[in-house]
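Let's take a guided walk through a protein chain.

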Amino acid sequence: MGKQESEKTVTGSDGSGRYERKALIDKLYETQELSREEWIRLIEGRTPELSQYLFEKARAVREREYGKAVYIRGLIECSNYCRNNCYYCGIRRGNQNAQRYRLTADEILSCCENGYSLGFRTFVLQGGEDPAMTDGWVADVIRRIKKEFPDCAVTLSLGEKSEAAYQCLFDAGADRYLLRHETADADHYGKLHPDGLSLAHRMECLRTLKRIGFQTGCGFMVGSPGQTPECLAKDMAFIRELNPQMVGIGPFIPQHDTPFRDERAGAFEETLWLLGLIRLMLPRVLLPATTALGTIHPKGRELGMLAGANVVMPNLSPLGVRKKYLLYDNKICTGDEAAESLNSLKESMKAIGYEVAVGRGDYRL
């Protein structure tokens with residue numbers, strides 16, 4: 001192939017850059033690396049045709065690494081108290097309309113017992129940064145879960161803590177920790193969070209979690225206020241450098257009791273696009289199709305799977321508190337996101353060629 005013909009293949013004779021971006025998808029598939037400028041061009045260049053090309057590549061990688069298995073995690077929303085006042089979050093400290101609750105240790109164990117009988121072998125304890133849920137209390141809960149369900153994994157998503165606190169929870173038996181970084185751009189981070197919270201500290205927490213030995217997860221909201229392609233390129237660079245075992249992304253959805261109540265929600269199609277790109281960048285990553293994805297589209301989780309995801313997190317929380325844990329508006333609180341509808345979830349996954357797996361669903365080393 002001559003030089004002129006090669007350049008035509010890369011840039012496209014129609015001037016659209018379509019062929020160039022297809023070549024970038026191929027490069028990411030082959031090398032898992034892109035430059036900042038290449039990330040920006042690819043993030044900006046989404047089209048329906050390119051999306052289908054990306055998703056085919058992402059599914060091939062996902063199935064090469066994990067087969068047709070869909071890993072399920074039983075989500076237990078432990079507390080909606082939070083000491084922080086993040087501008088996007090419905091359980092922020094300043095929300096006087098939130099109906100606060102905190103599960104007891106026995107209630108959490110009861111959720112696990114129910115989940116175990118349904119086939120769950122990973123439990124995710126998620127909550128706001130609740131000062132009443134002390135590290136010692138959480139560690140005791142972890143030990144109880146591990147004693148009663150020794151073949152299960154425990155994932156925590158409880159926010160920023162000290163290295164000593166993370167070590168305490170790891171020593172108690174916790175296996176994984178999810179801490180979304182939200183954005184890798186410091187200026188953008190400042191637009192989403194009040195003074196006192198910093199991107200540098202959030203990143204240091206993530207590096208500490210990896211150093212201790214947790215299977216570590218980060219992630220971000222797609223379409224959060226002030227987000228630009230440059231921000232997303234920084235997200236991709238940070239995720240590549242951190243090399244986490246899990247990445248959780250979902251569309252930004254405004255919540256009516258926050259300063260961002262009137263902001264536009266993140267785009268469904270862009271979220272799928274980024275899921276596919278993350279799968280190519282980190283072939284073995286555990287990648288959820290989130291509840292937020294299912295909230296903005298009735299087939300959100302199925303389409304997330306077809307874009308490269310391999311994890312879903314049905315809700316094991318007591319029915320009476322699910323509508324109180326409202327991080328964003330219109331969160332689905334009944335239906336297939338609930339553990340009670342696991343059979344329906346299995347059928348919906350089967351319909352797209354995948355199979356819900358019973359097991360811990362660990363990261364593939």
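## Ser-157 and its strand

Ser-157 sits in strand β4, which runs over residues 153-157. Helices and strands here are DSSP runs, numbered from the N terminus: helices are H or I with at least four residues, strands are E with at least two. This is a predicted model, in which local features need pLDDT of at least 70, side-chain atom pairs count only at pLDDT 80 or more, and totals for chains, interfaces and linings use all residues. Residues are numbered from 1 along each chain as its sequence is written, and side-chain values use heavy atoms, with hydrogens and water left out.

Is Ser-157 buried or exposed? Ser-157 counts as buried because its relative accessibility is 14%. (Buried means under 20% relative accessible area, exposed over 50%, and partly exposed in between, with a 1.4 Å probe and protein chains only.) Setting aside neighbours within four places in sequence, Ser-157 is in contact with Leu-125, Gln-126, Gly-127 and Leu-178; contact means heavy atoms within 4.5 Å. In UniProt, an unreviewed entry gives Ser-157 the annotation "binding site". UniProt positions follow the numbering used here, feature names are shortened, and annotations may be inferred rather than shown by experiment.

Where is Glu-182? Look in the loop between β5 (176-178) and α8 (186-192). Glu-182 is buried because its relative accessibility is 6%. Not counting residues up to four places away in sequence, Glu-182 touches Tyr-88, His-193, Arg-202, Gly-219, Phe-220 and Met-221. Arg-202 belongs to helix α9 (residues 199-212) and is buried, at 7% relative accessible area. With neighbours within four places in sequence left aside, the contacts of Arg-202 include Glu-160, Glu-182 and Tyr-189.

## The annotated domain

Which residues carry the feature "domain: Radical SAM core"? UniProt (unreviewed entry) places it at residues 64-290. Over that stretch the chain is 40% helix and 17% strand, and the end C-alpha atoms are 22 Å apart.

At 11% relative accessibility, Glu-65 counts as buried. Leaving out residues up to four places away in sequence, Glu-65 touches Pro-283, Arg-284 and Arg-364.

## The whole chain

Now zoom out. The chain has 14 helices and nine strands, and its C-alpha trace spans about 70 × 45 × 35 Å along its principal axes. How does the radius of gyration fit a compact globule? With 365 residues, such a globule would have a radius near 21 Å, and the chain has 20 Å, which agrees. (The radius of gyration is taken over C-alpha atoms, and the globule rule is 2.2 Å times the number of residues to the power 0.38.)

Of the 365 residues, 58% count as buried. Among contacts with a separation of 6 or more, 74% come from residues 24 or more positions apart. The accessible surface comes to about 15,200 Å², and 48% of it belongs to carbon and sulfur atoms. These areas come from the Shrake-Rupley method with a 1.4 Å probe; for residues, only the protein chains shown count as cover.
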